[in-house]
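Here are my notes on the charged side chains of this entry. Please read them with the structure open.

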Amino acid sequence: MGRLKHPFVLSALCLFLALGTVAKETRSSEPAGDGLKRFGLFPLWLSLPADNPMASEELVSSWTEAVLSDLQNSEAGEWIPLDLPGFADEGSRVRFDTLIGKGLEAGCSGILVLQVHQLDFKTKEVEIGRLSFVNASCEVALTGSLVDVGNRAAAGEFSSESRLKDNNYKGPEPGDVESEPIDSESVRTSLFGKAIAEIRQDLVRKITQNTGIIETRIRPALSRSEAPEGVRFAQESMDLRLTTANDQRFTVQVTNAGDEAETFVVKPLNRIGGVVMGLKGIGSEDEPCRLSPGEWKFIRLIANARPQAAAGAVVLGLVKTPEGDEDESTGTAVHDRMTLNITPGAQPADVDMKVLRQDPATLRAVCQLHNRGREEGTVSVRAGETTGGSVVITPPLEDHPLAAGRSMLFFVQPVFESRSRRIEADVEYDLGGRVLKKRLLFEIPPGKEMFWGVCGTSQSSSGSPGVCLN
């Protein structure tokens with residue numbers, strides 16, 4: 001039996017699941033006419049004890065193929081299989097950026113990651129007098145995350161489980177289904193096969209409910225006609241529209257298309273008037289990045305544009321650093337180049353904010369942002385001047401992309417000071433160079449009192465307040 005090893009499961013998948021607190025935009029699940037949606041499915045990842053006899057390569061490959069077939073028949077976009085980089089089977093970790101990059105390579109709108117964390121099938125013979133029975137139990141559970149490759153945010157998280165028992169079981173034993181594909185006769189007629197079937201039906205329902213949230217439409221797969229071997233930029237050029245503002249953030253994609261791990265840094269090779277541009281974090285000159293074959297890295301690019309900024313091109317250079325010199329950029333020869341075509345003076349996003357309703361039980365305001373413009377914009381929302389208490393804005397919105405013609409919801413929860421019954425709060429929304437405000441009023445009605453509770457989860461280090469009026 002071939003045991004599938006993926007020691008990177010927890011680091012990569014948990015990072016996906018940590019992205020769950022993202023804004024859910026209000027939109028139809030149908031394509032908007034500008035292209036279909038394509039989704040990529042990675043092989044199922046097992047997070048199970050090493051001695052679990054059910055964890056086999058035959059199970060993973062056949063189960064992945066079955067889920068892919070189910071989704072292809074669901075008519076919820078186009079579904080294709082995605083492969084993990086070859087080094088994954090050798091015990092290395094897989095970067096979150098690499099999974100996103102694999103989706104971009106295939107021209108996907110979103111990627112799906114599934115992790116199996118429970119897989120148990122047991123039988124026990126029980127004798128009562130002269131009668132003998134076989135008790136069987138089966139528990140199968142997994143979690144998953146669907147991620148938009150455009151904004152690298154989780155569009156949906158879900159879990160599915162099946163717990164079955166049969167006190168007079170007459171089907172195949174656990175030993176009969178080990179190392180067998182799920183479409184084999186022994187698996188299909190077993191209690192284990194019944195649990196797998198339940199999981200498959202539940203998965204299709206939950207996944208297709210979330211595909212409509214994916215904003216990114218199908219795009220050409222990232223490819224280059226001519227590119228150097230080894231580490232290189234994923235694109236030869238990229239168009240950037242800058243507003244007159246500081247700290248405008250973008251990402252530059254680098255992948256290792258070679259056969260050996262390599263270390264590199266990325267730096268600007270020239271400047272244009274009125275624009276200051278630099279790279280930050282891993283992959284910059286301050287923190288060289290090392291990529292194994294097939295890996296990807298998204299490097300942060302930060303631009304400051306002054307009013308006198310000129311149009312032009314900034315060329316980024318990728319410099320390989322010698323082995324053993326990862327602490328500083330000692331390489332000098334430029335291995336690859338990427339051109340950033342700069343267009344300055346783009347107008348801030350044309351976004352409007354309005355309050356849709358207020359929950360009478362919690363006083364929480366439901367607010368909507370709507371992009372009235374013809375281009376995608378970014379928006380940040382924060383609390384401004386407040387009297388009588390404070391407000392909590394959820395989900396946190398910082399440089400959140402908002403497509404043209406689209407809307408998104410967020411919530412404003414009042415937190416009253418002691419003896420306060422009225423809060424006035426400014427909610428500021430920054431559109432990139434232009435900050436607008438809207439004044440919100442929260443007031444406890446006569447005869448009502450505010451009650452507080454705190455709820456938390458084992459996944460979080462802090463609790464979140466819950467309120468109600470009574």
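**Charge pairs and a charged patch**

1. Asp97 is buried, at a relative accessible area of 7%. Buried means under 20% relative accessible area, exposed means over 50%, and partly exposed lies in between (1.4 Å probe, protein chains only). This is a predicted model, in which local features need pLDDT of at least 70 and side-chain atom pairs count only at pLDDT 80 or more, while totals for chains, interfaces and linings use all residues. Residues are numbered from 1 along each chain as its sequence is written, and side-chain values use heavy atoms, with hydrogens and water left out.

2. What is the partner of Asp97? Arg152 forms a salt bridge with Asp97, with the closest N and O atoms 2.3 Å apart. A salt bridge here is a side-chain nitrogen of Lys or Arg within 4 Å of a carboxyl oxygen of Asp or Glu. The pair links distant parts of the chain, 55 residues apart: Asp97 sits in helix α3 (residues 96-105), Arg152 in the loop between β6 (131-148) and β7 (153-166). Helices (H or I, at least four residues) and strands (E, at least two) are DSSP runs, numbered from the N terminus. Arg152 is partly exposed, with a relative accessible area of 24%.

3. Glu139 and Arg163 also form a salt bridge, their closest N and O atoms being 3.0 Å apart. Glu139 lies in strand β6 and Arg163 in strand β7, so this pair ties together parts 24 residues apart in sequence. Both ends are partly exposed: Glu139 at 30% relative accessibility, Arg163 at 43%.

4. A further salt bridge joins Glu185 to Arg188, with 2.5 Å between the closest N and O atoms. The two are three residues apart in helix α5 (residues 185-188), which means about one helical turn separates them. Elsewhere, salt bridges with shared partners join Arg422, Glu424, Asp426, Arg439 and Glu443 into one network. The whole structure holds 20 salt bridges.

5. A surface patch of negative charge gathers Glu57, Glu58, Glu125, Glu127, Glu173, Asp176 and Glu180. Helix α2 (57-72) and strand β5 (110-128) are the elements that give two or more residues to this patch. Patch residues have over 30% relative accessible area and no salt bridge, and like charges are joined within 9 Å. Asp and Glu count as negative, and the charge is placed at CG of Asp or CD of Glu. Areas come from the Shrake-Rupley method with a 1.4 Å probe. Glu58, in helix α2, is partly exposed at 31% relative accessible area.

Key: Patch = residues over 30% accessible without salt bridge, like charges linked within 9 Å, V, L, I, M, F, W, Y side chains within 5 Å.
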